[in-house]
Amino acid sequence: MRVKNCEKTEKSQVILEVEVGAEEFETALEKAYQKMRRSIRVHGFRPGKAPRKIVESMYGVEVFFEEAVNAALPDAYEAAVKEKDLRVVGNPQVEAVGEITRDGFVFKATVPVYPEVTLGQYKGLSAPKMEVNITEENVDAEIKRMSDRNTRLVSVDREAKEGDTVVIDFEGFLDGKAFEGGKGENYNLELGSGNFIPGFEEQLIGAKAEEERELNVKFPENYAKDLSGKDAVFKVKVHEVKEKDAPEIDDEFAKDVSEFDTLEELRADLRKKLTEDRERVIQREFEDDLMNQVADGITAEIPEIMIDRQARQFIDNLKMQVYQQGMNYDQYLEMTNTDESKLLSDAREPAEKQVRMDLAIAAIIEAEKLEATPEDIEKEYESLAAQSALDVESVKKYFTDDQIRDQTLTRKAVAVVTDSATALKPEEKPEENQENNQEN
C-alpha cells in the first residue's frame, strides 16, 4: 500500500489516493479464489477443486478482480488512515481510479475527519447571574406539596365541585359510533386538573354519585389526527365523589413527614434545601451562558456527518423517553401530528450547537493540557454515588472509566471558563463588562 496523495478539502473532508501494489493484490486474488472456487464449475473437476490458473484461463484473469478489490481495499484504507494519522468521523466514499490489473489498482477515498478547532475567547468572559432569594412563599409552596402527598380522598354525598375527584365510567362517540381509545372504567378524575380535553371536566361539576351525563366536547386542533377538531359526545356515569382531607400543618405534621419534631425545624430545613437547589440551578445557568459564548466563538469547518449523528442521537433519546412514559413511538408521532423526517430537520440546529459545544470543550482540554487522574475518576464515582444514593461499586456497574474520565475532563474544562469569568447582575450587559475588562 502506498498513499499517493492526501488532500484536505472544505468541510473537513480529506481525499486519499491510495495504491494497492502487485504483491498485496496477489494476496487478495488468492483470498478471492479460495472464497469463490466452490461456486465455479469447471468440466473435469469436482466443485472447488479446479486450480486457480485453470479457472483464470477459462473465465479470464479478471474473474477474481472484483472480489479481490473488496478484500484488499478495507485493509489498505485503514493503513492509509493510520499512516496519515487521520481522526476519521464517518464512512468514506470510495471510487476506483484507472484500470484494475494484476499489478494492482488505485482508489480514491473521500472521508470526513475531525475538524481543526480554533478557540476564541474562553477566559475572562462575563454573564448574568441571578441572586438566590428564597421567600416564605417558596417554603409554603413546598409545605403544600408535602401536604398534598399526604392528603387522603374521602367519599362525600354531595354535588361535585372543582378540586374534587370523581370516579367515572366513560365512553366517547363520533357521529353516534364509539371510537377506539375513548373508553374507561372506574377512572379517578380530579376536576380542574386539565387532564381531559377542554369542556369535559367542567361539565361534571355539580354531578352526584350514580348520576349519568352526556358531555358534548370538541377535540383540540392539535390532537391525534383521527380526532383533531372533531365534535364528540361522551357518556359518563359517576360512581363516587371524593374530596381532599388534608392534614393540619403543625408540629405533628412535621413529625409525620420528616425527621424533625417541630414545624419550624422542618421549614428551616426546607429553606436550606431550596436555597441549595436554587444555587445549583443558577450556577448551571451561569455556566451554560458562558459555555454557549465559548461554543459560538470557535472557528471550525464541521463535517455534516457530525451534525447528522447528533441529530439522530437526539431522536434516539426522544424514543427512549417516549418508551419510558409507556407510549409507542409511532403513537407519539401520530399524536403530535409529525413524522421522523420533520423531527430530524428540527433537531439539526440544536445538534449543531451541541457539536460546537463538544468541539469547544475538547479544544479547552487540549489547550489547558487537562488530565483526569485515577484519584479524579474515583472522586467522580463517589460524587455520582452520593447523588444517586447508591454505593460506589453499584455506580461502577452503570458507567465505564472512559465515560467518567470524559465527564471529569468536561467538568474541569467548564471550571477553566467559569473560574475566570465575571458574574453580572441580571440587568448588566456582558458586552459592556467585557469592554471594561479589556480597557482595564
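This is a predicted model: local features need pLDDT of at least 70, side-chain atom pairs count only at pLDDT 80 or more; totals for chains, interfaces and linings use all residues.
Once the neighbours within four places in sequence are set aside, Lys396 is in contact with Glu378 and Tyr381. Glu378 stands 18 residues from Lys396 along the chain, and the C-alpha atoms of these two residues are separated by 9.9 Å.

## The largest nonpolar core

The largest nonpolar core has 37 residues, and within it Leu290, Met291, Val294, Ile364 and Val417 touch the most other members. Two or more residues come from each of helix H6 (263–297), helix H7 (304–324), helix H9 (340–367), helix H10 (374–388) and helix H12 (401–419). The greatest share is that of H9, which gives nine residues to this core. As a general matter, nonpolar side chains in soluble globular proteins tend to be buried together.

Ile364 shows how one of these core members is surrounded: leaving aside neighbours within four places in sequence, Ile364 is in contact with Met291, Val294 and Val417, each of which is also listed among the members that touch the most others.

## Overall form and fold

The secondary structure of the protein comes to 13 helices and eleven strands. The radius of gyration is 34 Å, whereas a compact globule of 440 residues would have a value near 22 Å. Taken along the principal axes, the box filled by the C-alpha atoms is roughly 100 × 75 × 45 Å.

Among contacts in the protein with a separation of 6 or more, 67% are accounted for by residues 24 or more positions apart.

## Surface, burial and charge

Of the 440 residues in the protein, 34% are buried. The accessible surface comes to about 27400 Å², and carbon and sulfur atoms hold 46% of that area.

The charged side chains number 61 positive and 98 negative, and the centres of these two sets lie 6 Å apart.

How values were computed: Residues are numbered from 1 along each chain as its sequence is written. Side-chain values use heavy atoms; hydrogens and water are left out. Helices (H or I, at least four residues) and strands (E, at least two) are DSSP runs, numbered from the N terminus. The radius of gyration is taken over C-alpha atoms; the globule rule is 2.2 Å times the number of residues to the power 0.38. Buried means under 20% relative accessible area, exposed over 50%, partly exposed in between (1.4 Å probe, protein chains only). Contact means heavy atoms within 4.5 Å. Accessible areas come from the Shrake-Rupley method with a 1.4 Å probe; for residues, only the protein chains shown count as cover. Lys and Arg count as positive and Asp and Glu as negative; His and the chain ends are not counted. The place of a charge is taken as NZ of Lys, CZ of Arg, CG of Asp or CD of Glu. A nonpolar core is a set of buried Ala, Val, Leu, Ile, Met, Phe, Trp, Tyr and Cys residues joined through side-chain atoms within 4.5 Å.
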